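Dear colleague,

Please find below the structure that I am handing over to you.

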Amino acid sequence: MATATQAPPAAPHEPVRSDRTRLLLEGPVLPTLLKLAAPTVALMTFQAVVNAVEGYYVGFLGSDALAAISLSFPLVMLMTTLSAGAYGGGVASAVARALGAGRRDEAARLAGAALSIAALIGVGFTVVLLAFGREIYATLGATGPVLDAAVQFSGVLFLGAVPVWVFQAAASCLRGAGITGYPAAVGAVGGVLTLAVSPLLIFGAGPVPGFGLIGAAWAVVGYNVVSAAALVRALRAPGSPFREFFSALGPDRRRTAAIFRVAAPSAINTLQSNMTFLTLTALVAPFGTAAIAGYGMGGRLEFLLIPIVFGVGSALVPLVGANAGAGNHARVRQATRAGLLLGASAGAVVGLTAAALPGVWMGLFTTDPDVLATGGAYLRTVGPAYIGFGSGLALFFAAQGTGRVVQSLAAAFTRLIVAAVGGYLVVRVFGRGLDALYIAMAAGLVGHGLIMIVVARHELGLFSRADCK
């Protein structure tokens, strides 16, 4: 009897871990990373194709419409990268560390707080863009029909800000638990429906009237609403560690702090990146509508690379986070190195291909020779530097997993100073043209990657024999 009475008390102290969490903690690092990343990489690549096809549809409406979506695109990507990369990274990191430590109840409470905060932030985005959208686009250099079109397009698009934020919060909870397939499947189905509905809303058919540029915005809003509902429902699916999240809805001080400890510095990093893109767009604007459209369409390739590396990062955050939570530092180093390899490879493939064949990418959007020329020049100059950007971005996701991202802000500052400030000097002070501005952009991307390698030297096991074991 003595033995029987002594055994049970140890059970409550044993970590409660699902098979997916054990995979994060025990599975072979690179195969596990690839397995978890594959669905999200496929989804992000497909969504980039959807965005490209959307641009193709809008191209039939003329250069003013293309310029309008080019101006609004940085703001759309700001919301997307903040909700998925910055805030979503904070959510996934906190969830992964909780599950790695065996605290399933804490993971559910984190999910409840995450969804509530996301909805509030989404409301804020809608209010700001509806109230100040015209002033923002005018500051970027838009005038006349281009300004009107940009305001109309984003006015509809940002009505759907709340479902975007809720969708990304729910997806981040699932990814933090190592569940990547379902969010990817929901996004893929939504993308197919968007491709089918968008031309109908833009051009009309039969009894359905065409809404022009705002039809494209309404198609995206519908996609986000349906996708958010599907993922929130998935949080309560049988076997989900988040089944009780409804009981924890509402901002909670401790959980909010756990999320924003990573999300706040990540948001600053994202804001700096988007500020750089906005500043560079403003520097391009005086060169004319063709330059804005060409740079905007060429620059979209950077936002193709971001989703691809985000797919790797969506797996890297829980893999690093779960092992950091469990105190397994050797696997943290292994995962960080694997993430760097994949990020650098993605940057090299995307950037060098675009530099070699710029007409293939630009030809998706327009046949205007002036737009093709400015966009092609961008890709030839900046494309090879994408290897630095892919490397830095992957390492940033690894830093999110550990919960230590403050030092990573140095990389974003480097890009802002070199690309935006350097670009301002060469264009506005020294009177150089677009080619010089593109060189400054490329230098900023290379600097971004190099600084992140220095920042992540301990997680990579550099400069220390003990770390390299």
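This is a predicted model: local features need pLDDT of at least 70, side-chain atom pairs count only at pLDDT 80 or more; totals for chains, interfaces and linings use all residues.

Residues are numbered from 1 along each chain as its sequence is written, and side-chain values use heavy atoms, with hydrogens and water left out.

Salt bridges

A salt bridge is defined here as a side-chain nitrogen of Lys or Arg within 4 Å of a carboxyl oxygen of Asp or Glu. Under this rule, the count is four salt bridges.

One of them joins arginine 255 to glutamate 106, with the closest N and O atoms 2.7 Å apart. Arginine 255 belongs to helix H10 (residues 253-284) and glutamate 106 to helix H5 (residues 104-139), so this pair ties together parts that are 149 residues apart in sequence. Helices in these notes are DSSP runs (H or I, at least four residues), numbered from the N terminus.

Are the two partners buried or exposed? Both arginine 255 and glutamate 106 are buried. Arginine 255 counts as buried because its relative accessible area is 10%.

Arginine 255 also forms a salt bridge with aspartate 252, where the closest N and O atoms are 3.4 Å apart. Aspartate 252 has a relative accessibility of 27% and therefore counts as partly exposed. Glu106, Asp252, Arg254 and Arg255 are linked in a network of salt bridges.

A further salt bridge is formed by arginine 134 and aspartate 148, whose closest N and O atoms are 3.2 Å apart. Arginine 134 is in helix H5 and aspartate 148 in helix H6 (residues 144-157), so the pair ties together parts that are 14 residues apart in sequence. Arginine 134 counts as partly exposed because its relative accessibility is 38%. Aspartate 148, at 34%, is partly exposed as well.

Packing of two helices

Helix H3 (residues 29-59) and helix H8 (residues 181-203) pack at an angle of about 10°, and their axes are 9 Å apart. The axes are lines fitted to C-alpha atoms over the stretch in contact, and angles run from 0 to 180 degrees between N-to-C directions. H3 and H8 are therefore roughly parallel to each other, a term that applies to angles under 35 degrees.

Which kinds of residue make up the contact of H3 with H8? The contact comprises 14 nonpolar residues, seven polar residues and one charged residue. Here Ala, Val, Leu, Ile, Met, Phe, Trp, Tyr, Cys and Pro count as nonpolar, Asp, Glu, Lys and Arg as charged, and the others, Gly among them, as polar.

Isoleucine 417 is found in helix H16 (residues 409-429). It counts as exposed because its relative accessibility is 51%. Isoleucine 417 is also one of the residues of a nonpolar surface patch of about 740 Å², together with Phe413, Val418, Val421, Tyr424, Leu425, Val429 and Phe430. Such a patch is made of residues with over 30% relative accessible area and no salt bridge, nonpolar side chains (Val, Leu, Ile, Met, Phe, Trp, Tyr) being joined within 5 Å. Accessible areas come from the Shrake-Rupley method with a 1.4 Å probe, and for residues only the protein chains shown count as cover.

Other residues of H16 are buried, including Leu409, Ala412, Leu416, Ala420 and Val427. Just after H16, glycine 431 takes a positive phi of about 70°.

Buried residues in other helices

Helix H4 (residues 63-100) contains alanine 65, which counts as buried because its relative accessibility is 8%. Alanine 65 and leucine 147 are 82 residues apart in sequence, and their C-alpha atoms are 9.8 Å apart in space.

Serine 72 and serine 391 are 319 residues apart in sequence and 27 Å apart in space, C-alpha to C-alpha.

In helix H9 (residues 213-234) lies serine 227, which is buried with a relative accessible area of 2%. Serine 227 and alanine 171 are 56 residues apart in sequence, with 9.8 Å between their C-alpha atoms.

Yours sincerely

Terms used. Buried means under 20% relative accessible area, exposed over 50%, partly exposed in between (1.4 Å probe, protein chains only). Angles under 35 degrees count as roughly parallel, over 145 as roughly antiparallel, 65 to 115 as roughly perpendicular and the rest as oblique. Patches are made of residues with over 30% relative accessible area and no salt bridge: like charges are joined within 9 Å, nonpolar side chains (Val, Leu, Ile, Met, Phe, Trp, Tyr) within 5 Å.
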